[in-house]
Amino acid sequence: MNLSQGARRAAAALAALVLGTVMTVAAQEPAHAAGCYRNTCNGQDPWTKGCANDARNLQSFWYSGASPWLQNTLLELRYSPACDAAWVRTTGGGCFDIWRPCVSALQVSGGSEQWGGPSGGQKWTNMWSFRYLVRGCFRSGDDLHLDGCTAWQ
């Protein structure tokens, strides 16, 4: 079978296009795959599961309550689209178990509240599926009462 010159050019152009596309796709960096998704993230650490890689803040606020150990502490309600999960991250704070009773909390409507311990630097709670309503809160005092929260998301 003998192809016309026009058909050969069209076939060569198509081959070049396909080869260029394959080479471009092969040269791209592989995506950082998340280690969990939605309910499989429940109770998991956002850093070890790779969910922090694409995280963004949904809401944040500086603590303004009465606890001396939470003064100047930032609370951020975080969300990962790749994992479709949320968690709370805090920066600052001086909570230490029973001696300085305070925690950060990811409250989950219909799920298990996840606690973290603001104690200098950055700390975070474990995650929960974003298919539930979530909010970030501080708890303080001997009874760990709610002491400031974001809105439900």
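1. A residue is called buried when its relative accessible area is under 20%. Cysteine 83, at 0% relative accessibility, therefore counts as buried. The model is a predicted one.

2. Searching the whole structure gives four disulfides. With the bonded cysteines of the chain numbered in sequence order, they pair as 1-2, 3-4, 5-6, 7-8.

3. Cysteine 51 is the partner of cysteine 83, with the sulfur atoms 2.0 Å apart. The torsion about their S-S bond is about -90°, so this disulfide is left-handed. Cysteine 51 lies in the loop between α1 (5-27) and β1 (56-62), and cysteine 83 in the loop between β2 (74-80) and β3, so the pair ties together parts that are 32 residues apart in sequence. Cysteine 51 is buried, its relative accessible area being 0%.

4. Cysteine 36 is joined to cysteine 41 by a disulfide, S to S 2.1 Å. This link is right-handed, with 100° about the S-S bond. Cysteine 36 is buried at 7% relative accessibility, and cysteine 41 is buried at 0%.

5. A disulfide is also formed by cysteine 95 and cysteine 102, whose sulfur atoms are 1.9 Å apart. Its torsion about the S-S bond is about -115°, so it is left-handed. Cysteine 95 counts as buried at 6% relative accessibility, as does cysteine 102 at 4%.

6. Phenylalanine 96 is in the loop between β3 (85-91) and β4 (102-108). Its relative accessible area is 40%, so phenylalanine 96 is partly exposed. Together with Ile98 and Trp99, Phe96 forms a nonpolar surface patch of about 420 Å² accessible area.

Terms used
Residues are numbered from 1 along each chain as its sequence is written. This is a predicted model: local features need pLDDT of at least 70, side-chain atom pairs count only at pLDDT 80 or more; totals for chains, interfaces and linings use all residues. Side-chain values use heavy atoms; hydrogens and water are left out. Patches are made of residues with over 30% relative accessible area and no salt bridge: like charges are joined within 9 Å, nonpolar side chains (Val, Leu, Ile, Met, Phe, Trp, Tyr) within 5 Å. Accessible areas come from the Shrake-Rupley method with a 1.4 Å probe; for residues, only the protein chains shown count as cover. A salt bridge is a side-chain nitrogen of Lys or Arg within 4 Å of a carboxyl oxygen of Asp or Glu. Helices (H or I, at least four residues) and strands (E, at least two) are DSSP runs, numbered from the N terminus. Buried means under 20% relative accessible area, exposed over 50%, partly exposed in between (1.4 Å probe, protein chains only). A disulfide is a pair of cysteine sulfur atoms within 2.5 Å.
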